[in-house]
Amino acid sequence: MPDVPPPLEVNREPLDGTCPRCGAADLRAYPVVAEQGWVQVVKCQHCLHSVSREPWHRLGPIRLLADLV
Ligand SMILES: [Zn+2]
């Protein structure tokens with residue numbers, strides 16, 4: 001057993017498309033915590049270029065019914 005627990009993993013959804021910077025077809029969308037709260041980012045997993053970044057649910061992974069409407 002390792003001494004340190006594994007880092008918290010969020011689900012990284014694979015996306016269709018290619019990175020505008022390096023051309024890799026390895027885009028993933030996932031939420032991250034930023035200064036202003038949760039944001040949903042689309043990042044190239046090859047060069048870590050942020051393709052898009054937009055505000056996500058205020059409460060992060062906890063989805064309110066209102067967010068789904
Ligand atoms: Zn890239």
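A residue counts as buried if 20 or more other C-beta atoms lie within 10 Å of its own, as exposed if 12 or fewer do, and as partly exposed in between. The legends below use these terms for a predicted model.

**Figure 1. The protein, a predicted model, comprises 1 helix and 4 strands**. The protein has 69 residues, of which 4% count as buried. Among contacts between residues at least 6 apart in sequence, 21% join residues at least 24 apart.

**Figure 2. An open sheet is formed by 4 strands**. The order of the strands across the sheet is β1-β2-β3-β4, and their pairing is antiparallel. Which strands lie at the edges of the sheet? They are β1, residues 13-15, and β4, residues 50-55, each of which pairs on one side only. On average, neighbouring strands of this sheet are turned by 30 degrees against each other, when direction is ignored. In general, the strands of a sheet pair through backbone hydrogen bonds, and the pairing may be parallel or antiparallel.

**Figure 3. Strand β1 is joined to strand β2 by 3 bridges**. Strand β2 covers residues 27-34, and the two strands run antiparallel.

**Figure 4. Leu 15 lies in strand β1**. Is Leu 15 exposed, partly exposed or buried? Leu 15 counts as partly exposed because it has 17 C-beta neighbours inside 10 Å, whereas a buried residue needs 20 or more. When neighbours within four places in sequence are left aside, Leu 15 is in contact with Leu 27, Arg 28, Ala 29 and Val 42. Leu 15 and Asp 26 are 11 residues apart along the chain, and their C-alpha atoms are separated by 7.4 Å.

**Figure 5. Strands β2 and β3 form a hairpin**. There are 2 residues between the two strands. How many bridges join β2 to β3? The number is 8, and the strands run antiparallel, with β3 covering residues 37-44. One of the pairs is formed by Ala 29 and its bridge partner in β3, Val 42. Both Ala 29 and Val 42 are also among the contacts of Leu 15.

**Figure 6. The hairpin of β3 and β4 has 5 residues between its strands**. The two strands run antiparallel and are joined by 5 bridges. Leu 48 is found in the loop between them. In general, most residues other than glycine have a negative phi. Leu 48 is exposed, because 10 other C-beta atoms lie within 10 Å and the limit for an exposed residue is 12 or fewer.

**Figure 7. Ser 50 is found in strand β4**. Ser 50 stands opposite Lys 43. Apart from neighbours within four places in sequence, the residues in contact with Ser 50 are Val 41 and Lys 43. Why does Ser 50 count as exposed? It does so because 12 other C-beta atoms lie within 10 Å, a number that still meets the limit of 12 or fewer. Ser 50 and Pro 20 are 30 residues apart in sequence, and 9.7 Å separates them in space, C-alpha to C-alpha.

**Figure 8. Arg 53 is found in strand β4**. Arg 53 is partly exposed, because it has 13 other C-beta atoms within 10 Å and an exposed residue has 12 or fewer. Not counting residues up to four places away in sequence, Arg 53 touches Val 39 and Val 41. Val 41 is also in contact with Ser 50. Along the chain, Arg 53 and Ala 29 are 24 residues apart, and their C-alpha atoms are separated by 9.3 Å. In a regular strand, as a general rule, the side chains alternate between the two faces of the sheet.

Note on methods. Residues are numbered from 1 along each chain as its sequence is written. This is a predicted model: local features need pLDDT of at least 70, side-chain atom pairs count only at pLDDT 80 or more; totals for chains, interfaces and linings use all residues. Two strands pair if DSSP finds at least two bridges between them. Axes are lines fitted to C-alpha atoms, for helices over the stretch in contact, and angles run from 0 to 180 degrees between N-to-C directions. Two residues are in contact if their C-beta atoms, placed from the backbone, lie within 7 Å.
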